[in-house]
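Open the structure in your viewer and keep the selection tool at hand. The stops below say what to select next and what is there.

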Amino acid sequence: MRWLPLVVVALLGVLLAAGVWLSRDPNREALPSPLIGKPAPAFELPVLHEPGRQVSSDELRGAPYLLNVWGSWCPACRDEHPVLTRFAETRRVRVVGFNWKDEHADAMRWLEQFGNPYWLVLTDYVGDVAIDWGIYGAPETFLVDDNGVVRWKHVGPMTDATIEQDLLPVLAEVEQDGRERAL
């Protein structure tokens, strides 16, 4: 009985050490997406540069795409933009912009000022489609394969390191899977 306080203190010390050890993960605050490995949510959204035109998720199938959530109101999107532009210039995969909860004129002005790296820019003015995707902030980026399955998600601004270490290995798998299905 007199060892009980010592045992309790020792157990608390072990729990504290485990917490410190686990908190070393730099991505510890990112919520895992329940969409990974599942079909991307269906949508039909207007195209920013052609307001009368709607594009559906089915129309994007057939080739992989990177869906990048952004807004003119988002400071981190401005930081991410040069990185995303350099990646889009490689033309390795279609980069689709998902303009979220933005005014049309503000989004257009932002792209005119900073450049448009997107193959296509879709707009979700109200934010209903974003809810289906589980988007809770901008920027967020998803990799969707040629079958319309979400294969990767990144929360926060993309960096060169994120692209090199996280995105490109998954993109290589997606490309390999597509080649194997084509045979």
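**Stop 1: a pair of cysteines**

Select C74 and C77, which form a disulfide with their sulfur atoms 2.4 Å apart. A disulfide is a covalent bond between the sulfur atoms of two cysteines. The angle about the S-S bond is 85°, and the link of C74 and C77 is right-handed. A search of the whole structure finds one disulfide.

**Stop 2: confidence**

Now color the chain by pLDDT. This is a predicted model, with a mean pLDDT of 89 for the protein. Of its residues, 90% reach 70 or more. Where does pLDDT stay under 50? Select residues 25-30, where pLDDT stays under 50. For residues 25-30 the model has three contacts beyond four places in sequence.

**Stop 3: α3 against α4**

Select helix α3, residues 75-89, together with helix α4, residues 104-114. The two helices pack at an angle of about 40°, and their axes are 12 Å apart. That angle makes α3 oblique to α4. The crossing of α3 and α4 is right-handed.

Which residues of α3 and α4 meet? Show the side chains of C77, R78 and H81 in α3, then those of W110, L111 and F114 in α4: these residues meet. By class, the contact of α3 with α4 has four nonpolar residues, one polar and one charged. C77 also belongs to the disulfide of the first stop, where C74 is its partner.

**Stop 4: α3 against α6**

The crossing of α3 and α6 is right-handed.

On the α3 side, the contact is made by V83, R86 and F87. On the α6 side, select D160, I163, L167, L168 and L171. How many nonpolar, polar and charged residues does the contact of α3 with α6 have? By class, there are six nonpolar, no polar and two charged residues.

**Stop 5**

Most residues other than glycine have a negative phi, and most peptide bonds are trans.

First, go to R91, in the loop between α3 and β4 (94-100).

Where is P139 found? P139 is in the loop between α5 (128-133) and β6 (140-144).

How values were computed
Residues numbered from 1 in each chain as written. Predicted model: local features only at pLDDT ≥ 70, side-chain atom pairs only at ≥ 80, totals over all residues. Heavy atoms only, no water. Axes fitted to C-alpha atoms, helices over the stretch in contact; angles between N-to-C directions. Helix = DSSP H or I, 4+ residues; strand = E, 2+ residues; numbered from the N terminus. Parallel < 35°, antiparallel > 145°, perpendicular 65-115°, else oblique. Left-handed = near helix turned anticlockwise from the far one by under 90°. Contact = heavy atoms within 4.5 Å. Nonpolar A, V, L, I, M, F, W, Y, C, P; charged D, E, K, R; others polar. pLDDT = per-residue confidence, 0-100. Disulfide = S-S within 2.5 Å.
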